[in-house]
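Notebook open, structure loaded. I'm jotting down what I looked up, in the order I looked.

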Amino acid sequence: MSNNFTAVVIGTVHAVLPIAVIGLMPVMQRVPASHVMAARSLGASEWTTFFRIFLPQTVNGCVAVGMLAFATTAGAFTTPVLLGGGRVGVLSILMYSDATTALNYPRAAVLAVILFVIVLLTVAVSLGYARLRVGRRERSS
Amino acid sequence: MTATETGARRTLPGGSTALVGEVPELRPGRAQWILDRLSHSVVWIAGLLSVIFLLAPMVIIVIASFNRAPALDVPPRQWTLSAYANISPALYEAFVLSLQLAAMAAALSVALAVPASFWVARTRG
């Protein structure tokens, strides 16, 4: 399983997963254990406690970590080159070939700018969603 | 009868006086004030340099994208938008592929990181 898109996805997840785990750990630790214990003492199962009590309190952290992973992966170069075998033409590879082989710096720069804008917009929308969610929760409480 | 009521005063090390029993207002000396201002300025300048260090490459890339000649001239001798106008369909495919890769990797890594970090946070911390 190499030289295809699936291999690149698996390799990229492997590279980003430690960052995601380290980013989510403080979020998980911040959820009070008393909430979980209260849910368990009221008869909720472990799955129900996790999905209905624990996880909703970590959604903003998940969104932030997801955006971190997205921004890191959107410009990934090494993994697509090594595991894609030249068959997975992501933007970073095109940028590299434009800058080193075709020597067309403006085109490489355009690709970088467009990728930057797309990532910036995605991150802004996601953080806006997270902020909206926090505002909604504060209004309801 | 307390010291405050009698109006007894004591002399402080800086030369100023305060009522006995009263906590004197602490005024930093001139050397301390200069040191505070200096450290504040150093921190501010270091922060500014860090921001410039982080943003300068992006600014250079954005400026380079408007260059008419296929070289890395910053600032460009001739400005143009032709590089933006000449985006081929092959590049759109690369965009879509990059975004697909990023979205899938982000979703999968969060999906795997949630149980992993939950386990680590609840068993180790």
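**One serine, to start.** I went to B:Ser41 and found it in helix α2 of chain B, residues 30–64. For helices I take DSSP runs of H or I with at least four residues, for strands runs of E with at least two, both numbered from the N terminus. Buried or exposed, this B:Ser41? B:Ser41 counts as exposed, because it has 10 C-beta neighbours inside 10 Å. (My cut-offs: buried is 20 or more other C-beta atoms within 10 Å of a residue's own, exposed is 12 or fewer, partly exposed is in between, with C-beta atoms placed from the backbone.) I also checked B:Ser41 against B:Trp79: they sit 38 residues apart in sequence and 38 Å apart in space, C-alpha to C-alpha.

**Ground rules.** This is a predicted model, so I note that local features need pLDDT of at least 70 and side-chain atom pairs count only at pLDDT 80 or more, while totals for chains, interfaces and linings use all residues. Residues are numbered from 1 along each chain as its sequence is written, and chains are lettered from A and ligands numbered from 1 in the order in which they are written.

**Chain B.** I get four helices and two strands here, running α-β-β-α-α-α along the sequence. Of its 125 residues, 14% count as buried. Looking at contacts in chain B with a separation of 6 or more, I find that 0% are between residues 24 or more positions apart. (A contact means two C-beta atoms, placed from the backbone, within 7 Å.)

**Chain A.** Seven helices, zero strands is my tally for this chain. The radius of gyration, taken over C-alpha atoms, is 20 Å, well over the 14 Å that the globule rule gives for 141 residues, so chain A is more spread out than a compact globule. (That rule is 2.2 Å times the number of residues to the power 0.38.) The C-alpha trace spans about 65 × 35 × 20 Å along its principal axes. In chain A 30% of the 141 residues count as buried.

**Helix α4(A).** I listed its buried residues, among them A:Cys62, A:Val65, A:Met67 and A:Phe70.

**Where the chains touch.** The contact takes 37 residues from chain A and 35 residues from chain B. On the chain A side, α1(A) gives the largest share, twelve residues. That side divides into 30 nonpolar, six polar and one charged. (Nonpolar is Ala, Val, Leu, Ile, Met, Phe, Trp, Tyr, Cys and Pro; charged is Asp, Glu, Lys and Arg; the others, Gly among them, are polar.)
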